[in-house]
Amino acid sequence: MSTAILTGQPVPGSSLEGDLRSLGFDVRTAAGAAEAETLLAGVPAGQRVAVVDARFVGHAHALRLGLTDPRFPLAAVPGAVTAQPAGRQALSRALARESSAAPAEPAGGTPLVDSLADRVAAALDADGADVHRPELGSLVATVPGDPQTRNEARQAVAAVDDEAVRLKSAVKARDGFFTTHFISPYSRYIARWCARRGLTPNQVTTASLLTALIAAACAATGTRGGFVAAGALLIASFVLDCTDGQLARYSLQYSTLGAWLDATFDRAKEYAYYAGLALGAARGGDDVWALALGAMVLQTCRHVVDFSFNEANHDATANTSPTAALSDRLDSVGWTVWVRRMIVLPIGERWAMIAVLTAVTTPRITFYALLVGCAFAATYTTAGRVLRSLTRKARRTDRAAQALADLADSGPLAQVLTGPLERPARWLPGFTAPAVALLGGLAVAGTAVLTGFGGPWTTVAACGYVLASALAVARPLEGALDWLVPPFLRAAEYGTVLALAADAEVNGALPAAYGLVAAVAYHHYDTVYRIRGNAGASPRWLVRVIGGHEGRTLAVAVLAALLTASQLTVALTVLAVAVALVVLVESIRFWASAGAPAVHDEGEPA
């Protein structure tokens, strides 16, 4: 139970106490600042507390936004301020100081509206505290100073339907065309239905995962009826996927566990569905495991491009370029916004395409279309970001350089070589890091493709790749194009595993490789969301235990050189299980801990 302390003279007929109780607050009243300070000291340290002016007039949703959002230790709206346990000490100090200060009066002698809550919020600002103030838009939140102003404020409240505002704000501000026009118009009402029945976003997220897994199982039957059911269930899973985020925004039910589920389940659903399609095709005599693995590799590398670019530039200084200015101008033309959002094939458009093609065509055609669409989208977005990087005059911060180094996922082999290479690396041109990463990756993956299974040349190329990857990260990744290093390394590792498994030409090799890449990709996604939550990357012991990207690439190359094709299949399976177990145990431990960040992506759709 949270506690709200009402200060000032109560207003007859006010619904404020009822609104606060409906938001889960135990309401107490204080005649003045000194009594409010006493009441605050009596509230258990583990509870949220709010100081609210009894004269407050506004929408209940304005209070909800200001006083119940769990993501912010301190928050305020006009006439109300709140603190979670992490912000209680700062609130206590500010209230103690304000309780000993007399309200100010203007030179003309007319008293100002003396709102203790607003004075405390101002004191918190003066102390340098980070006080969140939500964007209220058309919602009303004010402390009237006289009856006339109060009546005007009440009329303003009556003129705006806060439930309509609440429903609208539940939808992500920036979303894809398919989601905006074909899902959100009704999924927001499903979110409200769930909220009124006490369902949580985590329960809806879990339902979405289960629905997608059932869809994958239907696809795995290999029958036309199974494919039709799979397509329909995949769309249903996406509706629930939209609903869970809208439910979180509608009811402000953000949590660390929900952050982990939301960040990882989308990928788990999509990649499980790819596996289901491959199994279904195999039942019909068509082996498309290479296409399924290729689709997962391409999609994961696309995401790494997005993550790396954003981490490299989100806090860069002088972060402008002619290309970015052109993009902003295009955004002012309505239809170009939707076209540009659609051609990058975000999750809504992508899943709709997969669902329709699954129902009416074959898994092979579905994967061909997916690969072509994702390749075009990756080329479009990467080319645009390269142009921005080359034309903008921005300075990378140390945090951005560290984030890129963490995304690189360098293991013990690269770390041993980085020391001796650090000094010569500083004398190389600025484009060295991405160029070396690209050439090293092309060498090892290309050798695996061209030399066939069982030869020593892929192992030799993998040793060169270890050296190249160490050189790529030997100096801070602060260059204009250094954000390309992590996606180049991802493509090299995943592509090498794909090529070697395909070269084995035995049943089970590609599915085993699929499992290995899926386990490693989970580790990379987990690293991204830790960095986004300002919690740092995965612990170094974890990176060392699973070998780093260069260690895994070399290990798979050595196994392919020493083992038979059938033995390689067993080895890849064992490696996939081992990596998955280690990564999942650490990930669950972290995201279930009290210190994990609540990461909720409100940016571009994945």
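Visitor: Over residues 427-450, how much of the chain is helix, and how far apart are the end C-alpha atoms?

Guide: Good place to start! Keep in mind that this is a predicted model. Over residues 427-450 the chain is 79% helix and 0% strand, and 34 Å separates the end C-alpha atoms.

Visitor: Which residues does the UniProt annotation "transmembrane region" cover?

Guide: The record, an unreviewed entry, gives that label to residues 365-387, 427-450 and 554-585. Residues 554-585 are 94% helix with 0% strand, and their end C-alpha atoms lie 25 Å apart.

Visitor: How should I picture the residues around a helix?

Guide: An α-helix makes a turn every 3.6 residues, so residues three or four places apart point the same way. Now look at helix α3, residues 60-67.

Visitor: Why is α3 largely enclosed by the rest of the structure?

Guide: Because seven of its eight residues are buried, where buried means under 20% relative accessible area. The buried residues of α3 are His-61, Ala-62, Leu-63, Arg-64, Leu-65, Gly-66 and Leu-67.

Visitor: And pockets? How much space lies in the second largest pocket?

Guide: About 620 Å³. Its lining has 26 residues, and the closest to its centre are Lys-168, Ser-169, Val-171, Ala-173 and Arg-249. Helix α3 turns up here too: α3, α7 (162-169), α8 (177-196) and α14 (334-343) each give two or more residues to the lining.

Visitor: Which element gives the largest share of that lining?

Guide: That is α7, with three residues.

Visitor: How do the lining residues of the second largest pocket divide into nonpolar, polar and charged?

Guide: There are 10 nonpolar, six polar and 10 charged residues in that lining.

Terms used:
Residues numbered from 1 in each chain as written. Predicted model: local features only at pLDDT ≥ 70, side-chain atom pairs only at ≥ 80, totals over all residues. Heavy atoms only, no water. UniProt positions renumbered as here; feature names shortened; annotations may be inferred. Helix = DSSP H or I, 4+ residues; strand = E, 2+ residues; numbered from the N terminus. Buried < 20%, exposed > 50% of the residue type's maximum accessible area, 1.4 Å probe, protein only. 1 Å grid on protein atoms, 1.4 Å probe; cavity = no way out; pocket = protein on both sides within 12 Å on 5 of 7 lines; lining within 4 Å. Points joined across faces, edges and corners; volume = space filled by probe spheres on them. Nonpolar A, V, L, I, M, F, W, Y, C, P; charged D, E, K, R; others polar.
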